[in-house]
Amino acid sequence: MKKFKCPYCNENTVSRFRKAFAGSLKSKGYKCPKCGGHCVNGKESTIFNVILNLSVLILILIKFYNNSNDAVPFALALLAISFIISKTFDAFFYELDKTWRIDINRK
Ligand SMILES: [Zn+2]
């Protein structure tokens, strides 16, 4: 299975699954087993997630505004789908990046 390059030590240490849950630039990310650097999904992922979450929010608001009976299950289903989409995109696209957080050990 393909592994992704750690942005700190340039070794292929991060698996697809771990990358999917590494989070965005402002999260703690996944700790590289080799160098201990915190790897996160880069800018493209963060931008994509912002757009995705915004569209989900707008769709949910429209649904609630229209007073539909199934607004709550609709909202929950949409949130679940957007979560899966964002994790799938994180797993298959984008490069890994260094975390922007300064409260954790930055190497
Ligand atoms: Zn590393």
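Which residue stands opposite Lys5 in strand 2? The residue opposite Lys5 is Asn12. The model is predicted, so local features need pLDDT of at least 70, side-chain atom pairs count only at pLDDT 80 or more, and totals for chains, interfaces and linings use all residues. Residues are numbered from 1 along each chain as its sequence is written.

The chain contains three helices and five strands; helices (H or I, at least four residues) and strands (E, at least two) are DSSP runs numbered from the N terminus. Along the sequence these elements follow the pattern β-β-α-β-β-α-α-β. The C-alpha trace spans about 55 × 30 × 15 Å along its principal axes. The chain has a radius of gyration of 17 Å, whereas a compact globule of 107 residues would have one near 13 Å. This radius is taken over C-alpha atoms, and the globule rule is 2.2 Å times the number of residues to the power 0.38.

Strand 1 (residues 3–5) and strand 2 (residues 12–15) run antiparallel and are joined by three bridges; two strands pair if DSSP finds at least two bridges between them. The two strands form a hairpin with six residues between them, and Asn10 in the turn has a positive phi of about 60°.

A further three strands make an open sheet in the order 3-4-5, with antiparallel pairing. Strand 3 (30–31) and strand 5 (96–98) are at the edges with a single partner strand each, so one side of each has no neighbour in the sheet. Strand 4 (residues 38–41) pairs with strand 5 over three bridges, and Asn41 has Leu96 as its bridge partner in strand 5.

Helix 2 (residues 43–65) packs against helix 3 (residues 71–92) at an angle of about 170°, with the axes 10 Å apart. Helix 2 is therefore roughly antiparallel to helix 3. Axes are lines fitted to C-alpha atoms, for helices over the stretch in contact, and angles run from 0 to 180 degrees between N-to-C directions; those under 35 degrees count as roughly parallel, over 145 as roughly antiparallel, 65 to 115 as roughly perpendicular and the rest as oblique. Residues of helix 2 including Phe48, Leu52, Val56 and Ile60 meet residues of helix 3, among them Phe74, Leu78, Ile85 and Phe89. Contact requires C-beta atoms, placed from the backbone, to lie within 7 Å.

The 23 residues of helix 2 should span 33 Å at 1.5 Å a residue, and the end C-alpha atoms are 33 Å apart, which agrees. The expected span is 1.5 Å times one less than the number of residues. Just after helix 2, Asn67 has a positive phi of about 60°. Helix 3, with 22 residues, reaches 31 Å from its first C-alpha to its last, close to the expected 32 Å. Tyr94, which follows helix 3, has a positive phi near 70°.

Conventions:
Contact = placed C-beta atoms within 7 Å.
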